[in-house]
Amino acid sequence: VSRDAEAVAWHDVECGEYTADLALWRDLAGAADGPVVDVGAGTGRVALDLAARGVDVVAVDLEPALLAALGERATAGGVSVRTELGDARRGVGVAPGTAALVLAPMQFVQILGGRRGRAAFLRCAAAALRPGGRLAMAMAGALDAFAPGDGPLPRPDVLERDGVRYVSQPVAIAVEPCVTKIERLRRMEAAGARTRTSRDVIALDQTSAADLVREGSAAGLVPEPVREIPATDDHVGSVVVVLRKPED
Ligand SMILES: C[S@@+](CC[C@H](N)C(=O)[O-])C[C@H]1O[C@@H](n2cnc3c(N)ncnc32)[C@H](O)[C@@H]1O
């Protein structure tokens, strides 16, 4: 398995099955009169869903392998998605003042390197929006800390692809003052091959809806009512902060 195929598979294992947020993104995109930008689009879980509903989507990510997979899936599915490789803290891939909606699904705003990274992203998103356009950012609800040995582990995420079984097992969550660290043990199993294991840790910045509203207002955006994505058996719920660029 190539490194790119592995990166795509782990992304699909750990993000691909989540569907609880799609209704909200469809709703916001349906109300948007113009291009929709999906930042941190990954392999296109949200972008492809919207494109299949006729939404004009631009997908931004800084991982070339993930965006390439997204592009291939769009072509295979007969839908059109423009992909833009880049760091959303430097730009979101559309001309200034043209986006009707910028979406930041899952925990995108919690992996930008803290307040400074978020501020840079918020400035780019605000510049990309047309007057009246919206920015919607999901944030994971509070995660319960656990450590190895604390009891039964959560259900692993599993995917079978091209004869390889990918198993991603959350093994610990550590809630620290500035970040929440989620540790996973990744296992690749294939008939006749040695099982490979590796460890992956994601650090989610601690932030709040109030922080995002304050930081968004510094970028010239005004708050709209917060939306919620309900928890499921496998995922905590999310709060979605919605900000609007005022009309001129
Ligand atoms: C948790 S995944 C979410 C993927 C997808 N949006 C979904 O909901 O299934 C976060 C994605 O953000 C991308 N990413 C992280 N930092 C980024 C940045 N600064 N600019 C653009 N993309 C970024 C990662 O490569 C990854 O694909």
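Select D248, which is placed in the segment after β12; strands (E, at least two residues) and helices (H or I, at least four) are DSSP runs numbered from the N terminus. D248 counts as exposed, at 91% relative accessibility, where exposed means over 50% relative accessible area, buried under 20% and partly exposed in between (1.4 Å probe, protein chains only).

The model is predicted, so local features need pLDDT of at least 70 and side-chain atom pairs count only at pLDDT 80 or more, while totals for chains, interfaces and linings use all residues. Residues are numbered from 1 along each chain as its sequence is written, and side-chain values use heavy atoms, with hydrogens and water left out.

Proceed to helix α2, residues 22-30, and colour its buried residues L22, L24, W25, L28 and A29. Viewed down the axis of α2, these buried residues fall within an arc of 160° and so line one face of the helix; the arc is that of the directions from the helix axis to the C-beta atoms. The exposed residues A23 and G30 are on the face turned away from the buried side. Next, display what the buried residues of α2 pack against: β1 (36-39), α3 (45-51), β4, β5, β11 (227-229) and β12 (238-244). Contact here means heavy atoms within 4.5 Å.

How many aromatic pairs does a search of the whole structure find? The search finds two. Rings of Phe, Tyr and Trp (its six-membered ring) pair if their centres lie within 6.5 Å; planes under 30 degrees apart count as stacked, over 60 as edge-to-face and the rest as tilted.

For one of the two pairs, select W10 and Y166: the ring centres are 5.2 Å apart and the planes at 90°, so the pair is edge-to-face. W10 belongs to helix α1 (residues 3-15) and Y166 to strand β7, so that distant parts of the chain, 156 residues apart, are linked. W10 is buried at 5% relative accessibility, and Y166 is buried at 3%.

Then select F108 and F121, an edge-to-face pair with 5.4 Å from centre to centre and 75° between the planes. Because F108 lies in the loop between β4 and α5 and F121 in helix α5, the pair ties together parts 13 residues apart in sequence. Both F108 and F121 are buried.

Remain in the loop between β4 (99-104) and α5 (114-128) and select M106. Most residues other than glycine have a negative phi. M106, although not a glycine, has a positive phi of about 50°, and at 16% relative accessibility it counts as buried. Now move to D162, in the loop between β6 (157-161) and β7 (164-175). D162 also has a positive phi of about 50° without being a glycine. Is D162 buried or exposed? D162 is exposed, with a relative accessible area of 75%.
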